[in-house]
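Thanks for coming. I will take a few minutes on the cavities in this model, and then on some of the elements around them.

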Amino acid sequence: MKIFFRYLNITTISILLLGFAACSKSNISRGTGWELDKDNSFKDQETAPGLVFIEGGTFTKGKVQDDVMRDWNNAPTQQNVMSFYMDETEVTNKMYIEYVEYLKKVYPPEKPEFKGVYESALPDTLVWRGRLSYNEDLVVNYFRHPAYGEFPVVGVNWFQANSYAKWRTDRVNELGLEREGYLSDEAKEAPLDGQSNVFSTETYLRRPELTYGGQIDSLQGKNQKDSISVFASVSDGIILPGYRLPTETEWEYAAQAQSGDREYNNYKGRKKYPWDGEYTRDKDKRGVGDQLANFKNSKGDYGGIAGWSDDGGAITVQTKFHPPNSFGLYGMGGNVAEWVADVYRPIIEDSRSDFNYFRGNVFTKPLRGPDGKITIDTDNVEFEILPNGKKYAKTLPGEIKKTAIDKDDTYLRTNFNKSDNRSYRDGDLASSRQFDQNIGENEKQKKMYNAPENAVKTNDQGELIKEYDTSNYKSTLISDEVRVYKGGSWKDRAYWLDPAQRRFLPQYLATDFIGFRCAMSRVGSNTISQNKTPKNKRTK
């Protein structure tokens with residue numbers, strides 16, 4: 001080394017040092033050495049409001065400890081889950097009221113073009129009624145009264161839960177863009193004053209110039225340069241992935257919370273409840289004997305003896321009333337059951353997927369107009385009439401219209417070949433009792449599950465015409481329109497608190513014991529970095 005440096009002058013050494021410094025910059029390409037347009041360094045995904053990080057891993061899905069119902073609808077399978085985020089609690093009445101009040105301001109019910117938007121988002125408070133129960137005060141007060149503000153929202157169907165998640169995504173990203181200087185402080189208030197359409201994350205990414213109904217230029221933030229609009233993109237790392245319903249696999253993994261106890265029995269699926277132990281009562285000295293969840297103890301016993309309440313409530317309780325599991329999630333056992341994203345099938349097709357398992361994929365793409373550009377309707381609301389006659393606001397003004405993928409999109413693909421994959425490999429068709437059987441003139445049954453197909457149509461006067469399926473050849477309630485819900489509730493016995501238990505309900509129905517919580521995908525590293533050095537790069 002001494003001989004080498006003897007032949008190097010100060011200028012040469014300076015050039016080498018500058019070269020090393022340049023290569024260490026994050027905006028210098030490692031592929032070409034060229035200086036990039038912007039610094040692409042990225043620290044970590046921001047934890048969005050209300051969420052808890054769930055580190056992914058492997059677990060035994062579907063391992064129930066008791067199967068007294070003999071359902072046999074969740075055979076144990078080894079699955080792997082990517083890291084994700086999940087709501088700390090179920091969505092509360094207070095959180096959901098914020099959503100419906102926002103819709104009421106932006107889409108006033110008294111305007112004909114917006115009629116039905118606000119009403120379609122409201123929970124069905126009549127779910128509290130019973131033929132032989134007096135619950136009228138719950139019908140009036142449970143959703144609106146501040147005493148129930150921190151209680152989980154119920155009476156929400158699967159469609160409404162998804163609509164809330166989409167709205168929440170837009171509000172969080174809108175605030176994030178304002179914080180980073182891409183939107184002005186007045187941007188999020190403009191729709192509330194009727195000055196523009198609401199912000200849509202997907203529209204902002206695909207057609208940013210049409211955001212806020214084309215009024216984005218006047219709502220730009222401090223990043224705007226010389227009257228030229230500056231938009232954020234995915235590559236900036238500012239815009240978060242969308243809030244959504246968790247998949248069944250994610251929900252079950254999060255409820256089991258094996259991270260808190262790495263014993264062999266728990267790891268292999270022998271963990272009965274979201275908490276550690278085999279009993280519903282607390283074994284810790286500070287709360288010994290207290291119930292760890294809100295559920296029905298026995299016939300006619302929903303909360304315990306007066307003055308000595310077992311679980312704190314006759315119906316639901318506050319979302320943080322009972323202690324969290326090892327992931328920091330509240331209410332994963334008891335209080336309310338929860339909608340998940342999956343279409344229900346009694347068989348888990350793990351031979352085709354043991355990674356991020358999910359049944360319910362319907363692949364779509366943005367609809368493009370004659371000019372080849374993505375179509376955005378800035379004026380109209382697109383409704384869908386559900387089988388029970390209720391409306392669902394499928395697309396709101398300012399959102400991108402979607403259409404199913406076609407054969408051109410799947411040509412020579414090996415990983416998928418059609419848009420709707422809800423029924424993919426859901427059983428042996430030929431084993432169905434009525435498969436390929438004549439059920440009418442020129443009509444044959446060729447479905448694995450022949451559930452009733454009720455329909456609601458509108459006539460020329462806009463009146464609903466309800467067509468009930470009166471066929472005598474229906475033998476099941478399973479279809480592509482039923483969704484899984486997980487966990488026990490205030491109405492259920494302890495049997496249903498096992499995270500592996502699963503039930504289903506038509507996606508358009510709501511009850512007084514099903515709520516929901518949101519999840520969000522994790523991008524990048526499977527763990528929260530905290531300036532960690534990769535394992536294969538560590539030095540002694």
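Which residues line the second largest cavity? They are Asn93, Pro123, Asp124, Thr125, Val127, Trp128, Leu138, Tyr142, Phe143, Val154 and Gly155.

Before going on, the conventions. This is a predicted model, in which local features need pLDDT of at least 70 and side-chain atom pairs count only at pLDDT 80 or more, while totals for chains, interfaces and linings use all residues. Residues are numbered from 1 along each chain as its sequence is written, and side-chain values use heavy atoms, with hydrogens and water left out.

A cavity is a set of points, on a 1 Å grid over the protein atoms alone, where a 1.4 Å probe fits but cannot get out; lining residues have an atom within 4 Å of a point. Grid points are joined across faces, edges and corners, and the volume is the space filled by probe spheres set on the points.

The second largest cavity holds about 50 Å³. Its lining divides into 7 nonpolar, 3 polar and 1 charged residues. Here nonpolar is Ala, Val, Leu, Ile, Met, Phe, Trp, Tyr, Cys and Pro, charged is Asp, Glu, Lys and Arg, and polar is the others, Gly among them.

Over the whole structure, the search finds 4 cavities of 30 Å³ or more. Two or more lining residues come from each of helix H3 (93–106), helix H4 (117–121), helix H6 (158–179) and strand S10 (391–395). Helices (H or I, at least four residues) and strands (E, at least two) are DSSP runs, numbered from the N terminus. H6 gives the most, with 7 residues. By class, this lining has 12 nonpolar, 3 polar and 5 charged residues.

Now H3. Its buried residues (under 20% relative accessible area, 1.4 Å probe, protein chains only) are Asn93, Tyr96, Ile97, Tyr99, Val100, Tyr102, Leu103 and Val106. H4 and H6 are included in what covers them.

Last, Glu178, which is in helix H6. Is Glu178 buried or exposed? Glu178 is buried, with a relative accessible area of 17%. Leaving aside neighbours within four places in sequence, Glu178 is in contact (heavy atoms within 4.5 Å) with Leu183, Ser184, Asp185 and Lys188.

Technical notes: On a 1 Å grid over the protein atoms alone, a cavity is a set of points where a 1.4 Å probe fits but cannot get out, and a pocket is an open set with protein on both sides within 12 Å along at least five of seven lines; lining residues have an atom within 4 Å of a point. Buried means under 20% relative accessible area, exposed over 50%, partly exposed in between (1.4 Å probe, protein chains only).
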